[in-house]
Protein chains: 2
Amino acid sequence: MSDPKQPESISPFGPARSTIKGSPLSEDELNKYNDFFKASLYLSLGMIYLRENPLLKEPLRTQHLKARLLGHFGSAPGQIFTYMHFNRLISKYDLDSIFISGPGHGAPAVLSQAYLEGTYSEVYPETSEDEEGMHRFFKQFSFPGGIGSHATPETPGSIHEGGELGYSLSHAFGAVFDHPDLIALTMVGDGEAETGPLATSWHSNKFLNPITDGAVLPVLHLNGYKINNPTVLARISHKELENLFLGYGYQPYFVEGDEVNSMHQAMAATLEHCVMEIRKFQKQARESGKAFRPMWPVVILRSPKGWTGPRKVDDKYLEGYWRAHQVPITDVHTNPEHLKLLEKWMRSYEPDRLFANGKISPELKALCPTGNRRMSANPVANGGLLRKPLRMPDFRNYAIKVDKPAVTMDASMQNVAKFLRDVMAANQTNFRLFGPDETESNKLSNVYQAGKKVWMGEYFEEDSNGGNLAREGRVMEILSEHTCEGWLEGYVLSGRHGLLNSYEPFIHVIDSMVNQVRSRPDPHCKWLEKCLEVEWRAKVASLNILLTAVVWRQDHNGFTHQDPGFLDVVANKSPEVVRIYLPPDGNCLLSCMDHCLRSTNYVNVIVADKQEHLQYLPMEDAIVHCTKGIGIWPQFSTDRGEEPDVVMASCGDISTHESLAAIDLLLQHFPELKIRCVNVVDLFKLISHVDHPHGMTDAEWVSVFTADKPIIFNFHSYPWLVHRLAYKRPGSSANLHVRGYKEKGNIDTPLELAIRNQTDRFSLAMDAIDRIPHLRNRGAAAREALHSAQIKARNEAYETGIDPPFLKNWTWPHTGLWKAAIPKLMG
Amino acid sequence: MSDPKQPESISPFGPARSTIKGSPLSEDELNKYNDFFKASLYLSLGMIYLRENPLLKEPLRTQHLKARLLGHFGSAPGQIFTYMHFNRLISKYDLDSIFISGPGHGAPAVLSQAYLEGTYSEVYPETSEDEEGMHRFFKQFSFPGGIGSHATPETPGSIHEGGELGYSLSHAFGAVFDHPDLIALTMVGDGEAETGPLATSWHSNKFLNPITDGAVLPVLHLNGYKINNPTVLARISHKELENLFLGYGYQPYFVEGDEVNSMHQAMAATLEHCVMEIRKFQKQARESGKAFRPMWPVVILRSPKGWTGPRKVDDKYLEGYWRAHQVPITDVHTNPEHLKLLEKWMRSYEPDRLFANGKISPELKALCPTGNRRMSANPVANGGLLRKPLRMPDFRNYAIKVDKPAVTMDASMQNVAKFLRDVMAANQTNFRLFGPDETESNKLSNVYQAGKKVWMGEYFEEDSNGGNLAREGRVMEILSEHTCEGWLEGYVLSGRHGLLNSYEPFIHVIDSMVNQVRSRPDPHCKWLEKCLEVEWRAKVASLNILLTAVVWRQDHNGFTHQDPGFLDVVANKSPEVVRIYLPPDGNCLLSCMDHCLRSTNYVNVIVADKQEHLQYLPMEDAIVHCTKGIGIWPQFSTDRGEEPDVVMASCGDISTHESLAAIDLLLQHFPELKIRCVNVVDLFKLISHVDHPHGMTDAEWVSVFTADKPIIFNFHSYPWLVHRLAYKRPGSSANLHVRGYKEKGNIDTPLELAIRNQTDRFSLAMDAIDRIPHLRNRGAAAREALHSAQIKARNEAYETGIDPPFLKNWTWPHTGLWKAAIPKLMG
């Protein structure tokens, strides 16, 4: 219940004002918590300022300071305050908890807590709990060769870096799904709270099942300021703030003020109340067996930015103002008065008393939980330790029957959905499928047989009429790519497995999440790449992204729905981490999906269209093809393994289809032409083996593509990407001719869009004629005929609104090649 | 005031339930509005289904249908309903309004209204208001060669396409800033409302000044379903919903139900009440001269998806369920019963009576406003018509004095901020600066002298101590790149000018907004590109993006803060629309900024670091250099205009600095070396003139880069982008050696990061030695010396935490070259 006597003031100063009253701490405890608070604050300042003299045993002089001062103090006090008070409850109630630090640059808070808990020294023995270790601990912070000012992967207990802002809550919810005993204590910065991804992620509570999932306890930190601005939520009325959280479906509990002793009591009482509420709701649901959506608690902590620092420096506000955001006093190298002020401030935290023997006293240490109950040591935050490989059905059992190549159509995506369904059925507590309301549209609805869509909102009568909703489900759908991706990241980093499905053109929405930005784990590639260097981090399941509804099927969406450039963004990432697969047919899709779900520590991107497609390879051939990643397809080739006139290459299902149809057109006109058909599944095969572990050597390149024959390469995405990957390959500069998406189009039929981009069969065949030397002159008539057919087909599409059936229903007619190829395929 | 008697039901069915009571419509009016509603609904269905027989003069047969059925009906009824009831108030109160259609695929609603208002036929005379015109109007919709199912740029009255979801509100707020008389009636879809960008954009009300800005009237359309899922906001309690909007700072007014007559009355009364509220708040603020933040009204319209359609088809729910999302009955080609059902449904809208002469009656037409008061004809939505060129101070007056090249340091960004300040001062009602809390950090705070940061939240005492906040300001800062970008797009598309500033690594957050996705104007590039084809669209100011805090200055952020790949994403866009500038120094930055602010219909990206930098060019030379876009710099060259041994090229300020220092190193070791220094400002100079209007011919390329000499190109971003742009240039495959960001780094000094990427002076000089044939052997000693110096510098940085001053403070020592070059520069 909201307290009708909530104060009107929105000032962060003064004695504690709180929704929950009470003084659970004794005088002695109060003193200890205050000492612990000071010790942690001292460490935070030490990291920012000190290169030498870590315990201030000598008077502070400029030579003790780091030459360049870096780091953020502003949010540290509030975060430390929250972390340490939750420790009391972890010990008291034996809670299983992790801490997620949402505010940007929050490392001083979490590092200092990990150091005081002892975890830091266990993981990094050189930063021991003594003066020498503290010296190293301080020096390494924001220092060349050292560690960053975010909760990077090197930070024990972190699954969330707090760099690019906005994902703390979605990560937290991802971590507690299917972890029924876990509480993710999650600091949400009030700057972060202004981002779109954070603003919508509060609604994650509509997807949390109190029986099978754990709980998130968000602490909105009204720190008051961003870099240089007040925050929106710190400057609206108390009533608006309360309404906002009631509206989001949380019961808000306020803790506001800066008077330390009363704040300790208020925070201790409030957090305990919230834990009791969480346990009460869980008990109620679990004992009754009836999942419901309670008003989960949220703490709103309003404390001054740079709390406990000097209120003013000269005549400028510091504590409780934006100037406390980063390094609080910047000119200590040149201003002796300010150096003295800093020293006085640091000494106010009593390092001599609190770190008398270079470490805190056993009495203070006793405030921390022990072992894996320490939030900095919880294995959930090193999820690879908990990861169990998926129980996988044999994907061969889902094979699409292919008697003749490119003759029968089948629905590759619907088919792989059956495999995913059975993966889901066999892994009911550690595999989930995520998507922004597109799972059905992406033809994956078979999965609902094994796990429905989680829905903790209200139910209507209609829902039983094709709704596929359930309180306990395996599919997570909210129309926020950010939230889906954040949930998946949290789920994977805490030791489980998952897959995100999305329309290809919309995946750019989460470019920055998948790839990069504001230094966090969330820039998932960066996190994984870093993890490879951090020895104690165990391998997590790969982050798997399935892109469908590809750009080549525009239907009515038109021009603005077309951008396959996500692959370019991913291809910029570290080759140690990213993998891109474009399976040409259903059996290849199965093989790739199986491979990705079994892999660890990668970001896997699979691109495949959701419509019906021609099928090319029987399962055993598909496995070989996908394992090789690239291959010559003899069943569509007429070079008999010898020197070809032209290499017709393709990558991507729709691109492959048109490339094969082009081969057919060429053979109709030039039956004697020696064509080599090449298909690429694993995009990074194209790159040099020096630059990517999947890359081919130049010798391998030549064996597939030749060194001097024209290559007509039909590609799913922007053609530049192939040029870039194949850069400096033997002959590639002169011979490699790539067709792909070139950003033209409108409301088009598939054929029309392809023609605009010259990725259609006619264009490809004409390309080949133009580039095969001995056809340049004698190919003129054939070229004319192809061009006329192309124009006719286009006109028919414009008139009827659909592609001419004879083109749409094309199949591969040269089955003789197939039979001839069989011995080779078996070999 | 919220009504304590709000009903508990969250069903969309039943007689109207509304916060505002009243029956403002007479019986006659009610009938007319119902007829108008039906006419518009008929047109919406016609667009989706009919290729022939537009008025159903014949019984409906399959050959009348489009071969492929495309389009979305689900949200059309609610949108039409809202639009037409607002028309009553436009006429009654002479309102100046635009309509923003947030839900995806909302074109049937806005197209049908534009057609009924007559605007559509005025803009496209071939779709006249008669049977023949209606035939064309129907056929073109979602048809090859026709128009899309979103409110694309071809749609009169649209500045927001509704493809990628989430930006309707930020666009609306952008449009009403500095348009004090404008009301943007904004439909927000409940699917869209789940996106992050939309969820935070409600807070735009904290940045709206009721004196100088207009108003946004949001209508949250609780349509109930997305593609295949219920929506979150339609399935929470009435109380939560109400609290949420009170919390966001709006007064919610509910209109709920499906019984048409009572819904007409409720909507008419509610919208009128809201308009009165808006006028009351504006009057109060304007008469008192005191800006305040009122509880602006929001309408929450809960109506069934596919409202007025069949409730069930066979035994499957349609109206009021997700099945009504797209084409409501899909199998009409093959199911004669369903074809009959469709015909019956369409005839229920009485086309024969309502379009008796092929068009609606004058009595119905009279329900529409006239001329520019029609929302489909408001010039605000064709903002180029309203655009006034900026009043520009002469940027030469802000020139940085450069006596000797690369000798003096200056703060280029702080300097250009003075120019921006004066642009702002001279354009106080049509220029704004946008940024996610980084304007001060980006060294642009000089602008606050001309316009403070708009802040309509509460004020604290501290704010007068360096806060730069004001209720009436010119700088817009919220920690949401999405909101900033959305505001800017709305502001520019409605005829004004603006600039977004952001840290380079964080700009990926809005990749999809700037570039593409879900077919909207918001994918700003796409919108602009389309506008070029739409003749009646007047040119708008360019969308200008200033990227600073570049990746090469990592400071304490480290690895995960590094991604310059936004340029790759932009470079994928249409060359007709995008421009990328990397000015090397302060005078070039001024020249580029001036150029960008004067330009129209482009997306301009300027990349420049915010720190102090060496200055290279006096203003007049900078103007010449920027106008050319690329140039040989004789003052740093020793080839005397003749054949060089090596071309040392650079693009980007920090890259240029290191390249020049490398030239110095080379000259120290090989004083006779003939070096040509080339600098690139306009990135698209590198591309062929065939592919981009700024591109060079091959002859121009050779004149700058030579055809056969080694080129050591130091680039700001990923090196592949240069390879891609320079692909197939004469000699580029063999000679072009590009250094750039390669995704390595950690906590680094600038030098250390450069060394990791081999973009530092030592690496570049070694590259040159390796590639100049006559140095390969005799350069060995120099190479060793350079390598040793590099290692020493690196070790020193690791020890002290800062780069060695002798490197950091390097300046160009060869001033003789400068003097020798002067006659050439003047020539």
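A residue is called buried here if 20 or more other C-beta atoms lie within 10 Å of its own, exposed if 12 or fewer, and partly exposed in between, with C-beta atoms placed from the backbone. Keep that in mind for A:Leu233, which is buried because 26 other C-beta atoms lie within 10 Å.

Before going on, some ground rules. This is a predicted model, in which local features need pLDDT of at least 70 and side-chain atom pairs count only at pLDDT 80 or more, while totals for chains, interfaces and linings use all residues. Residues are numbered from 1 along each chain as its sequence is written, and chains are lettered from A and ligands numbered from 1 in the order in which they are written.

Back to A:Leu233. It sits in the loop between β4 (215-222) and α8 (238-248) of chain A; helices (H or I, at least four residues) and strands (E, at least two) are DSSP runs numbered from the N terminus. Leaving aside neighbours within four places in sequence, A:Leu233 is in contact with A:Asp190, A:Ala193, A:Leu222 and A:Leu241. In contact means that the C-beta atoms of two residues, placed from the backbone, lie within 7 Å. A:Gly191 is 42 residues from A:Leu233 in sequence, and their C-alpha atoms are 8.6 Å apart in space.

Now take A:Glu259, in the loop between β5 (250-256) and α9 (260-288) of chain A. A:Glu259 counts as partly exposed, because it has 13 C-beta neighbours inside 10 Å. Beyond four places in sequence, its contacts are A:Gly14, A:Pro15 and A:Ala16. A:Ile211 is 48 residues away from A:Glu259 in sequence and 39 Å away in space, C-alpha to C-alpha.

Next, the domains. Chain A is divided into domain 1 (24-385), domain 2 (395-607) and domain 3 (630-826), with bounds from an automatic or database domain assignment. The centres of domains 2 and 3 of chain A, taken over C-alpha atoms, are 28 Å apart. Their contact takes 29 residues from domain 2 and 32 residues from domain 3. On the domain 2 side, α17 (566-571), β16 (578-581) and α18 (586-598) of chain A each give two or more residues. That side has 19 nonpolar, 5 polar and 5 charged residues. For these classes, Ala, Val, Leu, Ile, Met, Phe, Trp, Tyr, Cys and Pro count as nonpolar, Asp, Glu, Lys and Arg as charged, and the others, Gly among them, as polar.

Between the chains, the contact takes 108 residues from chain B and 108 residues from chain A. Which helix gives the most to the side of chain B that touches chain A? That is α8(B), with 8 residues. By class, this side of chain B has 36 nonpolar, 42 polar and 30 charged residues.

Finally, some helices of chain B. Helix α2 (residues 76-93) and helix α3 (residues 107-117) of chain B pack at an angle of about 35°, with their axes 8 Å apart. Axes are lines fitted to C-alpha atoms, for helices over the stretch in contact, and angles run from 0 to 180 degrees between N-to-C directions. Among the residues that meet are B:Tyr83 in α2(B) and B:Pro108 in α3(B). The contact has 6 nonpolar, 3 polar and no charged residues.

As for α14(B), 13 of its 13 residues are buried. B:Gly495, which follows α14(B), has a positive phi near 105°.
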